[in-house]
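Colleague: I would like to learn how to read a fold from its coordinates. Please take me through it.

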Amino acid sequence: MEDNNQNEIMSMTIIANSGECRAKVFDALRLVRDTGDYDGAKKLLDEAEQFSLEAHKVQMDLLVKQANGEQVQVDVLLVHAQDHLMTTMVAQELVTEMIEFYKPKENK
């Protein structure tokens, strides 16, 4: 039972950090779109990256656990967590590129 609880906590940690990351990424995009504040957007993207790193750390802990021969229960919650992380990673990359599109040519 303790292992299941730990896996749930890890899954929820991935979901929560991915969600915070994605929110900050889209806040950065809206900030650039609405105000042209590239410095503020950079700060938000940096904050988003910290949440992304935390989610990746938990994911890596699960992978290491599996690699060490421990059974990692793959359930709907873990699949959902992985989905959150992967879509967030795509959003990070895409939004970073979109922000570059907004920059005036002389600032690139």
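Colleague: How much of the contact set links residues 24 or more positions apart?

Modeller: Contact means heavy atoms within 4.5 Å. In this predicted model, residues 24 or more positions apart account for 76% of the chain's contacts with a separation of 6 or more. Residues are numbered from 1 along each chain as its sequence is written, and side-chain values use heavy atoms, without hydrogens and water. Local features need pLDDT of at least 70 and side-chain atom pairs count only at pLDDT 80 or more, while totals for chains, interfaces and linings use all residues.

Colleague: Which secondary structure does the chain have?

Modeller: Helices are DSSP runs of H or I, at least four residues; strands are runs of E, at least two; both are numbered from the N terminus. Here there are three helices and zero strands. The pattern along the sequence is α-α-α.

Colleague: What does Val 95 touch?

Modeller: Leaving aside neighbours within four places in sequence, Val 95 is in contact with Val 25, Phe 26 and Leu 29.

Colleague: How are the charges arranged?

Modeller: Lys and Arg count as positive, Asp and Glu as negative; His and the chain ends are not counted. Charges are placed at NZ of Lys, CZ of Arg, CG of Asp or CD of Glu. The chain has 11 positive and 20 negative side chains, with the centres of the two sets 8 Å apart.
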